[in-house]
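Here is a friendly briefing to read alongside the sequence and the 3D view. Have a look first, then go through the points below.

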Number of protein chains: 4
Amino acid sequence: MLDIKRLSISEAAILLEGSRLKSEELHIPMCTAVTDESGHLISFERQDGGKISSISIAIDKAFTGATARKGTHVYNQLCQPGKGTFGIHVTNGGHFSIIGGGLPVTVDGVIVGGIGVSSGTADEDLVVAQAAVDYFRAKTGFKE
Amino acid sequence: MLDIKRLSISEAAILLEGSRLKSEELHIPMCTAVTDESGHLISFERQDGGKISSISIAIDKAFTGATARKGTHVYNQLCQPGKGTFGIHVTNGGHFSIIGGGLPVTVDGVIVGGIGVSSGTADEDLVVAQAAVDYFRAKTGFKE
Amino acid sequence: MLDIKRLSISEAAILLEGSRLKSEELHIPMCTAVTDESGHLISFERQDGGKISSISIAIDKAFTGATARKGTHVYNQLCQPGKGTFGIHVTNGGHFSIIGGGLPVTVDGVIVGGIGVSSGTADEDLVVAQAAVDYFRAKTGFKE
Amino acid sequence: MLDIKRLSISEAAILLEGSRLKSEELHIPMCTAVTDESGHLISFERQDGGKISSISIAIDKAFTGATARKGTHVYNQLCQPGKGTFGIHVTNGGHFSIIGGGLPVTVDGVIVGGIGVSSGTADEDLVVAQAAVDYFRAKTGFKE
């Protein structure tokens, strides 16, 4: 039997709060999704003004961060014409995101969930996702 | 030009809170989704122990409540073999829910959003969704 | 942080073996799928002669058993026109199975995975799925 | 009337075993899928630690190897902007894989199945898929 660690709803709420604080600081209303380590949605929040088209993108980014185990911006670089990973963006029923803003959430080297942020540029989304993870670590004391 | 009334994220949070309180009282961890009046997700929460298969069902229920403008339990009765509405459960890409637990959220007779609850029986889901709407009215003072 | 128990690949192999033994006894070549507790596929086997149309059905049954937490034959009874759960068979992108032969796999009262069997009648599929779970318990000593 | 040669379940098991041995040697837990010559799944195995996002990718790679009759890494090179095959990665409902790690399995010049491996880099996946085919030949004595 395998022993798996998974984010709780209260821990997911801390990630949402971290995302909210950073996006308010940047004045970019965001969609933020948090999944468990298997890529299943735990919580989601679209701030007033967040993009409708970003709802599913945020969810897909969190899914990808958790299950493919790299930031979605890393896959963006790997998934280029001429590189071996080109084509991964259409897998998993179109839910594999290669747009920056999705990150795995790790605790003691183990992936316990994923976060996905969308509504800004890919760079802005990544800044907010990383800030949410940093906030999560500061609040909980969990180590990377 | 149309003026649209729409739930804000803080009002959606009140609906989530109402759902959480009732589901804790019933000891049934739920998935709860809140959409805007257009059926687009504003917020979602899967409590620890909520069913994975209920994630998309809760979202579909909220979508249906907001956009089809009736409780999903009403469509459950209308969507029977031999009745004129039979078949509506496979429309909208399979996202039209006819399982109780989805409700429109109205203010002054106008639909401003939808709520969907899933993980219990259809009856339990409806009880929690209605309790969330009642809580929303009590907290905000908005009239039906 | 939540602590989750999950079937390992070697435990999934025991379930496949149990399914194989029973289906050989019944002379019905089967498709058998085993998922983890989150509904994600761990292992799959289509015996020589198993139905092609049963590949995805077996996978969907295992997904449903694990994530909706009841045997798919139970949902078959609940999902009837006139009952509150009618319509659940078209949810989850069409992957929610209500055909007998899908079961949750529990250990000490906790769901650790799911099994789905398909190629016979729904009753035969359920007999084989249950035999696989019984075999798993006998081999591992895990309690229901 | 056509006579079709097709992998049996016991031959598919040899391919899975070959994949397992190589992935253990490389310390990369893999998802491995084996399909028949028609691209339909015969067997699948996700080793403990294999990526969830790789489940469907491995299945798609095996499907593509069997049905499009080239290694998926070959299509990766052909499917580039400006080349005539660009766009093939979105065909077949998104199941046409152009990421290395999918191979046809041939016997006496005839395709009898496909294998797909995923969880490492495309290069690692291809190494493991090829090792599985080599192992299959060594064990069975079948010629390419």
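In what order do the elements of chain A run from the N terminus on? They run β-α-β-β-α-α-β-β-α, with helices (H or I, at least four residues) and strands (E, at least two) taken as DSSP runs numbered from the N terminus. This is a predicted model in which local features need pLDDT of at least 70 and side-chain atom pairs count only at pLDDT 80 or more, while totals for chains, interfaces and linings use all residues. Residues are numbered from 1 along each chain as its sequence is written, chains are lettered from A and ligands numbered from 1 in the order written, and side-chain values use heavy atoms, leaving out hydrogens and water.

**Fold of chain A**
- Chain A holds four helices and five strands.
- Its C-alpha trace spans about 45 × 40 × 20 Å along the principal axes.
- Of the contacts in chain A with a separation of 6 or more, 64% join residues 24 or more positions apart (contact means heavy atoms within 4.5 Å).

**Burial and charge**
- Of the 144 residues in chain A, 60% are buried (under 20% relative accessible area, 1.4 Å probe, protein chains only).
- Chain A carries 13 positive and 16 negative side chains, counting Lys and Arg as positive and Asp and Glu as negative, without His and the chain ends.

**How chains A and C relate**
- A rotation of 180 degrees with 0.0 Å of shift along its axis superposes chain C on chain A, with an RMSD of 0.0 Å (least squares on C-alpha atoms of residues with pLDDT of at least 70 in both).
- That is the relation of a two-fold axis.
- Within chain C, C:Ile4 comes closest to the rotation axis, with its C-alpha at 2.4 Å.
- The copies meet through the same surface, because 100% of the interface residues of chain C are also interface residues in chain A.

Methods:
Buried < 20%, exposed > 50% of the residue type's maximum accessible area, 1.4 Å probe, protein only. Charge placed at Lys NZ, Arg CZ, Asp CG, Glu CD.
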